[in-house]
Amino acid sequence: MRVKIENLTKKFGDVTAVDNFTMTFEDGELVVLLGPSGCGKSTMLNMLSGILPVTSGKIFFDGDDVTDLPPQDRGIGICFQNYALYPHMTVLENIAFPLEIKKINKKERNEQAKKMAQLVHIENYLNRKPRELSGGQQQRVAIARALIKNPRLLLLDEPLSNLDARLRLEMREEIRRIQQETGVTTIFVTHDQEEAMSISDKIVLMKDGKLQQLDSPQELYDDPHNEFVASFLGNPPINKLNGVINQDGNFVLETGDVIKINNPQAKVGEKVVLGIRPEAIMLNQNEHDMTATIVQRYTMGKEELAFVKVGNSEIRVYLSNDYTYKVGEQVNIKLRNKGIFLFDQQTGARI
């Protein structure tokens with residue numbers, strides 16, 4: 001199902017939780033609403049579901065205006081953070097319950113529930129109660145219950161936040177598999193950027209109720225529209241240095257150190273923020289743009305990183321396994337073309 005929203009706004013008194021959103025989600029896409037806590041992503045989901053009325057704007061499902069329709073008439077399936085399973089029912093009964101509400105006979109609803117259980121890989125737990133299941137198994141039951149209604153739109157609100165790290169990884173892969181097998185248009189809310197990057201076709205990045213950027217995960221990372229987008233995506237986070245542009249078009253730190261950049265849009269004397277992805281920095285090059293000193297190094301699994309001091313600032317860089325770097329050692333630095341951005345210091349807009 002194709003979902004279109006036009007000028008969608010939600011206010012709670014004087015607080016604007018969602019501010020004038022216009023966008024389209026294509027049929028069969030998995031779209032993630034991403035952003036920090038309080039940015040309005042769950043509010044957006046609740047308006048799409050019909051749980052919250054809109055303050056202004058329109059919502060269209062396949063061209064039909066559903067702005068004022070109640071949730072039960074929208075053809076949606078929804079799965080919340082707390083799963084909301086019925087403790088006195090078995091897994092089979094929980095999955096089949098939406099069909100029981102629709103007065104579908106027991107034999108048919110149980111057959112459909114068993115098919116859904118197979119889809120989410122819990123067919124061996126049909127006679128158990130929720131308390132006898134792990135968190136990941138409970139999540140699968142909740143997803144199966146949402147899907148048994150054959151929804152046109154599946155809404156998932158922080159569905160993995162109660163799981164441990166390893167189980168979160170497993171379940172996000174499962175959600176992607178299930179979504180691709182069913183082809184249902186899915187909107188997934190999370191504050192976890194790694195989760196969003198790994199699971200989505202598109203990401204809607206939000207801040208303070210406003211749209212920051214709507215794009216594919218890779219486009220958001222490679223071509224951020226503003227400083228917030230560049231800062232929010234990336235682990236380890238992007239390095240940011242304050243400075244000005246000199247007459248040669250290069251970046252000058254407050255200490256007077258010069259970093260060569262290639263950005264013809266920058267104006268002489270303009271106060272800017274230079275954003276540098278850690279992977280955009282090459283160390284120990286014969287041809288180098290500047291020198292730096294290693295002040296700290298640490299290991300993150302297979303990757304080794306370091307903080308190096310440039311002027312008065314410390315920035316993160318990846319270390320090569322081909323060379324042993326020591327704390328206090330001076331190194332040469334050269335920047336790659338990719339992963340280097342300039343932002344206006346006042347507005348945060350990309351230059």
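**Figure 1. The second largest pocket holds about 270 Å³ of space.** A pocket here is an open set of points on a 1 Å grid over the protein atoms alone, with protein on both sides within 12 Å along at least five of seven lines, and its lining residues have an atom within 4 Å of a point. Grid points are joined across faces, edges and corners, and a volume is the space filled by probe spheres set on the points. The second largest pocket is lined by 15 residues, and Ile 261, Asn 262, Arg 336, Asn 337 and Ile 340 are the closest to its centre. Two or more lining residues come from each of β19 (330-335) and β20 (340-344). Strand β20 gives the most, with 3 residues. Strands (E, at least two residues) and helices (H or I, at least four) are DSSP runs, numbered from the N terminus. By class, this lining divides into 7 nonpolar, 3 polar and 5 charged residues. Ala, Val, Leu, Ile, Met, Phe, Trp, Tyr, Cys and Pro count as nonpolar, Asp, Glu, Lys and Arg as charged, and the others, Gly among them, as polar. The model is predicted: local features need pLDDT of at least 70 and side-chain atom pairs count only at pLDDT 80 or more, while totals for chains, interfaces and linings use all residues. Residues are numbered from 1 along each chain as its sequence is written, and side-chain values use heavy atoms, with hydrogens and water left out.

**Figure 2. The largest pocket has a volume of about 550 Å³.** Its lining consists of 21 residues, and those nearest the centre are Ile 76, Ile 78, Pro 98, Arg 145 and Lys 149. Strand β6 (76-79) and helices α2 and α4 each contribute at least two lining residues. The lining has 15 nonpolar, 3 polar and 3 charged residues.

**Figure 3. Helices α2 and α4 come within 7 Å of each other, axis to axis, and cross at roughly 30 degrees.** The two helices are therefore roughly parallel. Axes are lines fitted to C-alpha atoms, for helices over the stretch in contact, and angles run from 0 to 180 degrees between N-to-C directions. Angles under 35 degrees count as roughly parallel, over 145 as roughly antiparallel, 65 to 115 as roughly perpendicular and the rest as oblique. Val 91, Asn 94, Ile 95 and Pro 98 of α2 are in contact (heavy atoms within 4.5 Å) with Val 141, Ala 144 and Arg 145 of α4. This contact has 5 nonpolar residues, 1 polar and 1 charged.

**Figure 4. Helix α2 (residues 91-101) crosses helix α3 (residues 106-119) at roughly 125 degrees, and their axes come within 9 Å.** At this angle α2 and α3 are oblique to each other. The crossing of α2 past α3 is right-handed. On the α2 side, Leu 92, Ile 95, Ala 96, Leu 99 and Glu 100 take part; they meet Arg 109, Asn 110, Gln 112, Ala 113, Lys 114, Met 116 and Ala 117 of α3. The residues of this contact are 7 nonpolar, 2 polar and 3 charged.

**Figure 5. The axes of α4 and α5 lie 11 Å apart, at an angle of about 20 degrees.** Helix α4 is therefore roughly parallel to α5, and passes α5 in a right-handed crossing. Gly 135, Gly 136, Gln 139, Arg 140, Ile 143 and Leu 147 of α4 meet Leu 167, Glu 170, Met 171, Glu 174, Ile 175, Ile 178 and Thr 182 of α5. By class, 6 nonpolar, 4 polar and 3 charged residues make this contact.

**Figure 6. The structure holds 1 cavity of 30 Å³ or more.** A cavity is a set of grid points where a 1.4 Å probe fits but cannot get out. About 50 Å³ of space lies in the largest cavity. Its lining is formed by Ile 143, Leu 147, Leu 154, Leu 156, Ile 175, Ile 178, Gln 179, Thr 182, Val 184 and Thr 186. At least two of the lining residues come from each of α4 (135-147), β7 (153-157) and α5 (165-182), and α5 gives the most, with 4 residues. The lining has 7 nonpolar and 3 polar residues, and no charged ones.

**Figure 7. The peptide bond from Asn 235 to Pro 236 is cis, and Asn 7 has a positive phi.** Omega of the cis bond is near 5 degrees. Pro 236 is in the loop between α8 (227-232) and β11 (239-245). Asn 7, which is not a glycine, has a phi of about 50 degrees and lies in strand β1 (residues 3-12). Most residues other than glycine have a negative phi, and most peptide bonds are trans.

Terms used:
A crossing is left-handed if the near helix is turned anticlockwise from the far one by less than a right angle, and right-handed if clockwise.
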